[in-house]
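Here is a short tour of one protein chain, written for someone who likes to know the cut-offs. Have a look at the model first.

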Amino acid sequence: MTYCPAPGYNPVYNPTLPYHQPVPGGLRPGMSVYVQGTVPKHTNRFRVNFACGQHEGADIAFHFNPRFDGKDKTVLNTFQSGRWGNEEIHKMPFRKGEHFEIIFVVNDAGYQVLVNRNPFCSYGHRLPPQSVQVVSADGDLELQSLTVMGGSMMGNMGMMQNPGYGPAQNLPMMQSPALYHPTVPKHIESIRLTFQVDFACGQHEGADIPFHFNPLFIKNRVLLNTFQLGRWEKAKKYKNPFRKGLHFEIIFIVNEGEYQILVNGSLFGTYKHRIPPQIVQVISATGNLEVQSLVVMGRPVMEMPITNPAFYYPLVPYTGNIPGGLGVNKTITM
C-alpha cells in the first residue's frame, strides 16, 4: 500500500482570518487537529470551532474560546439547534505576545486538549465528531498553521510482523509534536506481542539508538532505553498502558533535556537525553502493530513553519528519514 495523505488535510501557513479548514468525512477517534500561532499583545479573545458546516447558524460540536477581557479564562461549549449549551470554564494557558501550540486529540469520549506540550483539559462529546465538517479559527490571533491529521479511512494496512527497516522516506517536518496513530492487534498471543519505536542515528546495523520505546505485553511493561557503542544501557521501565485490539495515540515531544511521552492525551513518562537528539536521522516502527499515521512537527524556524503532509497507512516495517535530525520543541506523533 502506498502513502495516502488524506484529501484536503494539507496545512496552510499564515492564513488570513477567519480561516476555515474543511474536514472531508468528518472527524473520528484517532484524528488530531494541530494549531500553532501567536497571541498578539492587544488580544481580546480568539476561538477555534469544530463546526458542522460553514453557513450561519451551523451547529458547533466544540467551541474553544480563550478570553482575555476581564477575568482571563478559557470557555468550552457546544452550539446546537440555535442555542449554546452549558459553558465549561478552565484557566488561561496562553500569554499575550507569546507563541503557542495546541493539539486537539479526538477520542471515543471527547476531545483531549494539549497546550504547549502539556495536557490542558478534556471536553466530552455533545455532538458526534463525525458531524464536524470544518475547523475554523478566528479572533485576535496570529495564526501560523492549522492541520488536521490521522484517521484516513482508506483501509487497513498490514501488521509489522518482523523487525527491520522499510524503504526510507522523508518524514514530514513541522516542528513541534509528533503523532502516531496505531492499533495493537487483538489476535496476537501476548507471549509474542511487542512493538517498538526507535529514534536512530542511521539505518545501518549497529547504529546508535538515542531513544528506544518498547512495550512488552507478556511482562506488562514498557522499556525505554538507549543503544550506544554496540551496547544497550540500563532501561527505564513503566507499566504498559496499551491493550490488545484498541486504538491509541502516542506523542513524543523533544524537550531540551528529555523526551516527553503522552499516550492518549495523558502524560505517560519522560526519558532524559543520553545522546543529543540532533543526531537522530530516522524513526522506525516495527513489531505487532497496525500503523495509521505518523508525522513529525516542530516550531517555526525564523518564523516560517516547516512541514509536509502526514503519512497515512505506510508500508511496515516503516522507517522515515529526518532531514537535519531532531531538535528541541519538535514532536513526533504516531
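## Ground rules

This is a predicted model, in which local features need pLDDT of at least 70 and side-chain atom pairs count only at pLDDT 80 or more, while totals for chains, interfaces and linings use all residues. Residues are numbered from 1 along each chain as its sequence is written, and side-chain values use heavy atoms, with hydrogens and water left out.

## The chain as a whole

The protein chain has 28 strands and zero helices; strands are DSSP runs of E with at least two residues, helices runs of H or I with at least four, numbered from the N terminus. Of its 334 residues, 56% are buried, meaning under 20% relative accessible area with a 1.4 Å probe, protein chains only.

Among contacts (heavy atoms within 4.5 Å) with a separation of 6 or more, 69% join residues 24 or more positions apart.

## A look at T38

T38 sits in strand β3, which covers residues 32–38. Is T38 buried or exposed? T38 counts as buried because its relative accessibility is 14%.

Leaving aside residues up to four places away in sequence, T38 touches G97, E98, H99, F100, L141, E142 and Q144. With Q144 there is also a side-chain to side-chain polar contact at 3.0 Å (a pair of N or O atoms within 3.5 Å, one able to donate a hydrogen and the other to accept it; residues adjacent in sequence count only if both atoms are side-chain atoms).

Terms used. Buried means under 20% relative accessible area, exposed over 50%, partly exposed in between (1.4 Å probe, protein chains only).
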